[in-house]
Amino acid sequence: MKFFVDTAEVSDIRSLAEAGLVDGVTTNPSLIAKSGRRMAEVIADICAITPGPVSAEVTATDFDTMLKEGRYLRSIAANVAVKVPLTEAGLRTCRVLADEGTPVNVTLCFSPAQALLAAKAGAAFISPFVGRLDDISTDGMALIADIVQIYRNYPNLKTEVLVASVRHPIHLVQAAKLGADVATLPPNVIRQLLKHPLTDAGLASFLADWAKTGQSIL
């Protein structure tokens, strides 16, 4: 399973990349806005840190402008994946960009039918939002299970399932068990994966025993 980090904060991406925990990055207009920087500059900086796909999202809603934005974003770096919303204009844009060789991440997916349409349009990634479905008392992971099953029924569909709106480690574990290809995680959730009380207790015990010896490895 590939781990993407869901942020536009360059320092977080660099730190996690140095630990080998980043296979790609996803951004969106909200995350770019939080950075307080120009989108092109942020995307260029992120693309220089990781060779994996970096999703940069269009902000237009009409086809013509969306396509122009997508082509511009793709020109920033070779590893940009253009991110489009799951609308008719978004899928039209996806088809054109995919035919041009640009990987496209279709976002804001909330149903299996939408995921099937995105795959038909040539999406490299489909981003179903599990946390937002949970927020309205719907089982977000059931959506992942449905999409994975549908895609497996049709091997010619090459779209990867990119689990988004991940709120906690359990989402990640469930997605991995279902066979999702990618999960995009906020930096704090990635770091939560490290934590276990028995790990902390075991390390404290080892260090206490070592201190009693008075030795030093160096």
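Analyst: Contact here means heavy atoms within 4.5 Å. The model is predicted: local features need pLDDT of at least 70, side-chain atom pairs count only at pLDDT 80 or more, and totals for chains, interfaces and linings use all residues. Residues are numbered from 1 along each chain as its sequence is written, and side-chain values use heavy atoms, with hydrogens and water left out.

User: Which residues is N105 in contact with, leaving aside neighbours within four places in sequence?

Analyst: They are T26, S55, V82, K83, V84, F125, I126, S127 and L162.

User: Is N105 buried or exposed?

Analyst: N105 is buried, its relative accessible area being 0%; buried means under 20% and exposed over 50%, with partly exposed in between (1.4 Å probe, protein chains only).

User: What joins the side chains of N105 and S55?

Analyst: A polar contact of 3.1 Å joins them. Such a contact is a pair of N or O atoms within 3.5 Å; within protein, one must be able to donate a hydrogen and the other to accept it, and residues adjacent in sequence count only if both atoms are side-chain atoms.

User: Now F63. Buried or exposed?

Analyst: F63 is buried, at a relative accessible area of 16%.

User: Which residues does F63 contact, neighbours within four places aside?

Analyst: F63 is in contact with A89, R92, T93 and V96.

User: How far apart are F63 and T87?

Analyst: They are 24 residues apart in sequence, and their C-alpha atoms are 9.8 Å apart in space.
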